[in-house]
Amino acid sequence: LREGNPLGSFYGYVEKGYDEKGFIVYEDFNNSGSRDAGDKQIIGNPNPKFTYGFNSSMSYKNFDLTVFIQGSEGNDLFNLSSQGQNYDFGQALNMTKDIYLNHWTPENPNAKYPVIKTSSQAQMSNRFVEDGSFLRFKNIQLSYNLPVSQLHIKWMKRAQLYVSGQNLITFTKYSWYDPEVNSYGSSNSIVQGVDHYVYPAAKTTTIGLRVGF
């Protein structure tokens with residue numbers, strides 16, 4: 001919390017590149033000659049500029065199509081999952097393949113990841129702040145209303161065969177599993193937009209039959 005800044009802003013160090021050995025270098029804003037708490041800055045805003053939703057129902061002859069879309073625009077996410085999974089070189093943890101392909105070497109000084117050594121440390125910095133904007137098709141359902149009256153089934157008033165999908169399509173620049181996350185939010189917490197191994201929303205497909213008697 002800081003006067004004049006958005007609620008729950010991300011606070012940390014700002015990177016300026018790598019040194020000659022491939023270790024991350026941070027901006028020394030207070031000119032102390034070393035990295036300390038005085039160098040921390042506001043590095044991200046988890047509050048979206050706006051959120052939106054769109055629901056549409058369409059019918060053609062015996063077919064019905066329902067689409068529900070929702071999204072968020074202009075918010076940042078803090079990818080704490082990436083910090084633990086991609087930069088903790090001292091714990092012998094499984095890492096993503098991207099680290100092997102794009103880490104610092106003398107021949108690749110502008111790599112995405114620092115040099116792979118147990119002494120490499122990645123502080124909480126703007127490296128982990130990502131664009132959290134997304135557009136997601138929360139639900140898509142296509143149904144077919146069976147012509148019960150033409151089938152002369154007296155004990156059935158209506159019947160509908162349908163197939164639906166939840167969370168099937170998501171458009172986002174966020175690099176981890178799910179942009180619709182919040183690891184530490186609660187009724188008494190201002191923390192939002194932090195992804196710390198949040199289980200992603202499941203993609204599900206449902207096929208069913210609705211019958212009215």
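Author: Happy to! Keep in mind that this is a predicted model. As for its place in the chain, Ser 186 sits in the loop that runs between strand S10 (158-172) and strand S11.

Let's follow that loop to its strand. S11 covers residues 194-195 and pairs with S7 in the parallel sense, over two bridges. In this pairing, Asn 79 is found opposite Asp 195 of S11. S7 (residues 76-79) also has strand S8 (residues 129-131) as a partner, this time in the antiparallel sense and over three bridges. There, Asp 76 faces Asp 131 in S8.

Asn 79 brings us to a pocket as well. Together with residues including Tyr 87, Lys 112, Tyr 113, Glu 130 and Trp 176, Asn 79 lines the second largest pocket. The volume of this pocket is about 170 Å³, and its lining is made up of four nonpolar, five polar and three charged residues. How far is Ser 186 from Tyr 113, in sequence and in space? The two are 73 residues apart along the sequence and 33 Å apart in space, C-alpha to C-alpha.

The largest pocket holds about 340 Å³ of space. It is lined by 16 residues, and those closest to its centre are Gly 8, Ser 9, Phe 10, Tyr 11 and Val 191. By class, that lining has 11 nonpolar, four polar and one charged residues.

Key. Residues are numbered from 1 along each chain as its sequence is written. This is a predicted model: local features need pLDDT of at least 70, side-chain atom pairs count only at pLDDT 80 or more; totals for chains, interfaces and linings use all residues. Side-chain values use heavy atoms; hydrogens and water are left out. Two strands pair if DSSP finds at least two bridges between them. Helices (H or I, at least four residues) and strands (E, at least two) are DSSP runs, numbered from the N terminus. On a 1 Å grid over the protein atoms alone, a cavity is a set of points where a 1.4 Å probe fits but cannot get out, and a pocket is an open set with protein on both sides within 12 Å along at least five of seven lines; lining residues have an atom within 4 Å of a point. Grid points are joined across faces, edges and corners, and a volume is the space filled by probe spheres set on the points. Ala, Val, Leu, Ile, Met, Phe, Trp, Tyr, Cys and Pro count as nonpolar, Asp, Glu, Lys and Arg as charged, and the others, Gly among them, as polar.
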